[in-house]
Amino acid sequence: MNNTYNTINTMLNSFHDNWHLPILELVNAAWRDRTPEALLCASKQTERGINALEQLERSIALLMRSQNSTVTDKEVWEVIGEWQELACSLQYVAQELSDLALEIAKEYGVS
């Protein structure tokens with residue numbers, strides 16, 4: 001493994017630890033509590049996480065294109081796969097929060 005790949009892996013792991021896992025915890029809490037406040041908290045953090053993932057994507061692309069980068073084709077595909085898993089997870093979370101919002105609206109008598 002090379003330095004660029006190690007750096008990118010560290011960035012992906014950091015995103016997972018600092019954004020992805022906390023978002024999943026907030027989503028679970030929103031489903032458990034079923035309150036507008038919990039839903040709003042999870043939704044706001046998910047939106048911030050999506051923005052952070054977009055910034056991470058740009059940073060990774062810059063690192064991979066840098067003159068000092070020696071990332072192999074295999075490593076590129078591994079990075080793409082990991083990033084796609086995070087993106088798909090956040091997309092799924094956003095859909096889950098949308099579904100929860102509809103359920104909470106019904107529970108609170110809002111149509």
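Student: How many residues does helix H3 have, and what span goes with them?

Tutor: This is a predicted model, to begin with. H3 has 35 residues. From first C-alpha to last it reaches 51 Å, close to the 51 Å expected at 1.5 Å a residue.

Student: What makes the span of H1 agree with its 31 residues?

Tutor: H1 covers residues 3-33. At 1.5 Å a residue it should span 45 Å. Its end C-alpha atoms are 44 Å apart, so the span agrees.

Student: Where does H1 bend, and by how much?

Tutor: The bend is at His16, and it comes to about 35°. That is the angle between axes fitted to the seven residues ending there and the seven starting there.

Student: Which pattern does the protein follow along the sequence?

Tutor: The pattern is α-α-α. There are 3 helices and 0 strands.

Student: How does the radius of gyration of the protein stand against that of a compact globule?

Tutor: A compact globule of 111 residues would have a value near 13 Å. The protein has 17 Å. The spans of the C-alpha trace along its principal axes are about 60 × 20 × 20 Å.

Student: Why is Thr46 called buried?

Tutor: Buried means under 20% relative accessible area. Thr46 has 3%, so it counts as buried. This residue lies in helix H2.

Student: What does Thr46 touch, leaving out residues up to four places away in sequence?

Tutor: Its partners are Ile23, Val27, Leu90, Val93 and Leu97. Ile23 and Val27 are buried residues of H1. Leu90, Val93 and Leu97 are buried residues of H3.

Student: What covers the buried residues of H1?

Tutor: The cover includes helix H2 (36-65) and helix H3 (73-107). Among the buried residues of H1 are Thr4, Tyr5, Leu12 and Phe15. The buried residues of H3 pack against H1 and H2.

Student: Which residues have the most contacts inside the largest nonpolar core?

Tutor: They are Leu12 and Phe15, in a core of 21 residues. H1, H2 and H3 are the elements that give two or more residues to this core. In soluble globular proteins, nonpolar side chains tend to be buried together.

Student: What is Leu12 in contact with, leaving aside neighbours within four places in sequence?

Tutor: Leu12 contacts Leu56, Ile60, Val79, Glu82, Trp83 and Leu86. Val79 and Leu86 are listed as buried in H3.

Student: How much of the protein is buried, and what makes up its accessible surface?

Tutor: Buried residues make up 30% of the 111 residues. The accessible surface comes to about 7,200 Å², and 53% of that belongs to carbon and sulfur atoms.

Student: Among contacts between residues at least 6 apart in sequence, what share joins residues at least 24 apart?

Tutor: The share is 82%.

Methods:
Residues numbered from 1 in each chain as written. Predicted model: local features only at pLDDT ≥ 70, side-chain atom pairs only at ≥ 80, totals over all residues. Heavy atoms only, no water. Helix = DSSP H or I, 4+ residues; strand = E, 2+ residues; numbered from the N terminus. Expected span 1.5 Å × (residues − 1). Buried < 20%, exposed > 50% of the residue type's maximum accessible area, 1.4 Å probe, protein only. Contact = heavy atoms within 4.5 Å. Rg over C-alpha atoms; globule rule 2.2 N^0.38 Å. Areas by Shrake-Rupley, 256 points an atom, 1.4 Å probe, with all protein chains shown as cover. Core = buried A, V, L, I, M, F, W, Y, C linked by side-chain atoms within 4.5 Å.
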